[in-house]
Amino acid sequence: MTARVVGSLFITATAAGVVSAATQGTTRGVMVFVMAVAIAFIAPTLFPVLKAHGEGLAMGYVVARTLEVVFLMSAIAPLAHVHIDEVWGHASAVYFCVSVALLNVLLFRSKLVPRWISVWALVAVVPYLAGAVLVLLDVLAQTQAAVLFVPLALNEMVLAVWLLTRGLSAAPGPDVREQGEPGLVESH
């Protein structure tokens with residue numbers, strides 16, 4: 001159930017983010033709000049599962065996602081007079097990148113999803129962060145940096161679909177010692 005909820009939240013956040021990037025005014029503000037609400041529920045929903053594989057990293061993930069939401073929400077004025085402050089919105093991308101790194105280190109270590117998904121995210125977060133910083137520094141326009149965001153956006157959708165269709169594996173926590181390859185549960 002946790003995997004399905006998180007998968008749905010990832011899809012909601014990404015879809016709302018794409019719509020917000022393609023629109024202006026009130027619609028954009030509402031979509032950023034929807035994205036922020038979805039993001040706000042992802043980390044606390046995953047925390048009970050992730051903490052068994054590294055409580056400090058799991059808590060860091062919750063904090064990074066919370067800061068991302070704070071920056072997103074401060075980018076929106078009250079919906080009656082919507083205004084998106086691009087600096088605050090792009091600053092949230094830095095916390096998003098930190099959260100991606102923390103989540104995917106935990107996913108890689110725990111084998112809750114296939115490792116190739118985590119490795120892909122850890123590689124894709126580098127150009128995403130570079131694009132976000134270049135937009136913040138006004139070196140690139142959002143439209144120019146968009147190509148740097150695509151690999152991680154695709155990764156998040158693959159992760160979301162995996163969670164919806166396959167769920168999380170039953171990999172043991174770090175305190176469980178099984179014979180054979182770490183992370184695999186042997187059946188007898």
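Reader: In which helix does Asn155 lie?
Author: The model is predicted: local features need pLDDT of at least 70, side-chain atom pairs count only at pLDDT 80 or more, and totals for chains, interfaces and linings use all residues. Residues are numbered from 1 along each chain as its sequence is written, and side-chain values use heavy atoms, without hydrogens and water. Helices are DSSP runs of H or I with at least four residues, strands are runs of E with at least two, and numbering starts at the N terminus. Asn155 lies in helix H6.

Reader: Is Asn155 buried or exposed?
Author: A residue is buried under 20% relative accessible area, exposed over 50%, and partly exposed in between, using a 1.4 Å probe and protein chains only. The relative accessible area of Asn155 is 1%. Asn155 therefore counts as buried.

Reader: Which residues does Asn155 touch, not counting those up to four places away in sequence?
Author: Contact means heavy atoms within 4.5 Å. With residues up to four places away in sequence set aside, Asn155 touches Ile117, Trp120 and Ala121.

Reader: How many helices does the chain have?
Author: The secondary structure contains zero strands. From the N terminus on, the elements run α-α-α-α-α-α. The number of helices is six.

Reader: Which helix gives the largest share of the lining of the largest cavity?
Author: Asn155 is among the lining residues, as are Phe10, Tyr61, Phe96 and Leu152. Helices H3 (55-74), H4 (86-110) and H6 (142-165) each supply at least two residues. The largest share, five residues, comes from H4.

Reader: How many charged residues are in the lining of the largest cavity?
Author: Ala, Val, Leu, Ile, Met, Phe, Trp, Tyr, Cys and Pro count as nonpolar, Asp, Glu, Lys and Arg as charged, and the others, Gly among them, as polar. The lining has seven nonpolar and three polar residues. Its charged residues number two.

Reader: How many nonpolar residues line the second largest cavity?
Author: The second largest cavity is lined by Val6, Phe10, Leu46, Leu103, Leu107, Val113, Leu159, Leu163 and Leu168. Helix H1 (2-22), H4 and H6 each give two or more residues to this lining. No polar and no charged residues occur in it, and the nonpolar ones number nine.

Reader: How is H2 oriented relative to H3?
Author: Axes are lines fitted to C-alpha atoms, for helices over the stretch in contact, and angles run from 0 to 180 degrees between N-to-C directions. Helix H2 (residues 25-50) and H3 pack at about 170°, with axes 9 Å apart. Angles under 35 degrees count as roughly parallel, over 145 as roughly antiparallel, 65 to 115 as roughly perpendicular, and the rest as oblique. H2 and H3 are therefore roughly antiparallel.

Reader: With which residues is Val94 in contact, leaving aside neighbours within four places in sequence?
Author: Val94 is found in helix H4 and is partly exposed, at 28% relative accessible area. With neighbours within four places left aside, Val94 is in contact with Leu129 and Leu136.

Key: On a 1 Å grid over the protein atoms alone, a cavity is a set of points where a 1.4 Å probe fits but cannot get out, and a pocket is an open set with protein on both sides within 12 Å along at least five of seven lines; lining residues have an atom within 4 Å of a point.
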